[in-house]
Amino acid sequence: MPREGGFAEPVTFAFINYMILGIGLFILSIVGNIILLIIGTDTNSALFTIIFCFFICIIFLPLIAVIGLFISGAIYQFLFKQLNGTGTYEGTVRVVSYSSAVSLLVWIPILGWLFALYQIYLFIIGGTFVHDLPTSKSAIAVLIPILVIPLVMMLLSIVLSVLITLIF
């Protein structure tokens with residue numbers, strides 16, 4: 001992977017990967033709704049769910065994911081710089097974009113989480129390469145958001161739940 005060369009190619013590559021991810025998730029949605037129809041769910045409800053999933057999975061997911069490339073690139077760039085990384089923001093976004101190739105397979109039931117772990121590995125190796133860091137420092141920079149963001153979201157949901165309970 002070249003460290004520079006602009007955003008167009010890696011972002012286009014990631015967009016296509018996320019579009020395929022969306023199609024895969026949409027297919028899973030259709031299969032799930034067909035099973036629910038066989039069991040006896042309301043036809044209108046299943047149809048609404050399929051249409052809703054079409055818009056979410058195929059239209060919004062790739063667009064939001066591309067925006068997420070730049071946001072996660074900024075977060076990772078900040079963390080790599082804190083650990084004395086020498087790479088550029090462009091290089092970091094390229095790592096995040098090209099590691100999205102794993103999205104082609106992450107939607108597969110049961111096996112998807114293994115591919116997600118491989119994507120984390122790609123982030124770490126990419127950070128090592130782009131920022132001239134030892135693998136251990138790159139792993140720290142990559143794993144911090146993966147561990148901290150869910151904790152912050154959990155704490156935020158607890159605080160909001162308590163506030164809503166106190167208000168009502």
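Biologist: Why are helix 1 and helix 2 called roughly antiparallel to each other?

Modeller: In this predicted model, helix 1 (residues 8–39) and helix 2 pack at an angle of about 160°. Angles over 145 degrees count as roughly antiparallel, and helix 1 and helix 2 are therefore roughly antiparallel to each other. Their axes are 9 Å apart, and the crossing is right-handed.

Biologist: What makes up the contact of helix 1 with helix 2, by class of residue?

Modeller: The contact of helix 1 with helix 2 holds 24 nonpolar residues, five polar and no charged.

Biologist: Why is helix 2 called oblique to helix 6?

Modeller: The axes of helix 2 and helix 6 come within 9 Å and cross at roughly 135°. That angle makes helix 2 oblique to helix 6: roughly antiparallel needs an angle over 145 degrees, and roughly perpendicular covers 65 to 115. The crossing of helix 2 and helix 6 is right-handed.

Biologist: Which residues bring helix 2 and helix 6 together?

Modeller: From helix 2 they are Ile75, Tyr76, Leu79 and Phe80. Helix 6 answers with Ser138, Ala141, Val142, Ile144, Pro145 and Ile146. By class, the contact of helix 2 with helix 6 has nine nonpolar residues, one polar and no charged.

Biologist: And what makes helix 2 and helix 3 oblique to each other?

Modeller: Their axes cross at roughly 125° and come within 8 Å. The range for roughly perpendicular ends at 115 degrees, and roughly antiparallel begins over 145; helix 2 and helix 3 are therefore oblique to each other. Helix 2 passes helix 3 in a right-handed crossing. On the side of helix 2 the contact is made by Leu69, Phe70, Ser72, Gly73, Ala74, Tyr76, Gln77 and Phe80, and on the side of helix 3 by Tyr89, Thr92, Val93, Val96 and Ser97.

Biologist: How do the residues of the contact of helix 2 with helix 3 divide by class?

Modeller: Eight are nonpolar, five are polar and none is charged. Gly counts as polar here, and Gly73 of helix 2 is one of the residues in the contact.

Biologist: Turning to the spaces, how many cavities of 30 Å³ or more does the structure hold?

Modeller: The structure holds one cavity of that size. The largest cavity has a volume of about 30 Å³. A space counts as a cavity where a 1.4 Å probe fits but cannot get out.

Biologist: Which residues line the largest cavity?

Modeller: The lining consists of Tyr76, Phe80, Thr92, Val95, Val96, Phe123 and Val142. Helix 2 (43–82) and helix 3 (89–98) each supply at least two of the lining residues. Helix 3 gives the most, with three residues. Six residues of this lining are nonpolar, one is polar and none is charged.

Biologist: What volume does the largest pocket have, and which residues line the largest pocket?

Modeller: The volume of the largest pocket is about 310 Å³. Its lining is formed by Ser72, Ile75, Tyr76, Ala116, Gln119, Ile120, Phe123, Pro145, Ile146 and Ile149. Helix 2, helix 5 (112–131) and helix 6 (135–167) are the elements that give two or more residues to this lining. Helix 5 provides the largest share, four residues.

Biologist: How does the lining of the largest pocket divide by class?

Modeller: Eight residues are nonpolar, two are polar and none is charged.

Biologist: Which element gives the largest share to the lining of the second largest pocket?

Modeller: Helix 2 does, with six residues. The second largest pocket has a volume of about 260 Å³. It is lined by 13 residues, and Tyr18, Ile64, Ala65, Gly68 and Leu69 lie nearest its centre. Helix 2, helix 4 (103–106) and helix 5 each supply at least two residues of this lining. By class, the lining of the second largest pocket has nine nonpolar residues, four polar and no charged.

Conventions. Residues numbered from 1 in each chain as written. Predicted model: local features only at pLDDT ≥ 70, side-chain atom pairs only at ≥ 80, totals over all residues. Heavy atoms only, no water. 1 Å grid on protein atoms, 1.4 Å probe; cavity = no way out; pocket = protein on both sides within 12 Å on 5 of 7 lines; lining within 4 Å. Points joined across faces, edges and corners; volume = space filled by probe spheres on them. Axes fitted to C-alpha atoms, helices over the stretch in contact; angles between N-to-C directions. Parallel < 35°, antiparallel > 145°, perpendicular 65-115°, else oblique. Left-handed = near helix turned anticlockwise from the far one by under 90°. Contact = heavy atoms within 4.5 Å.
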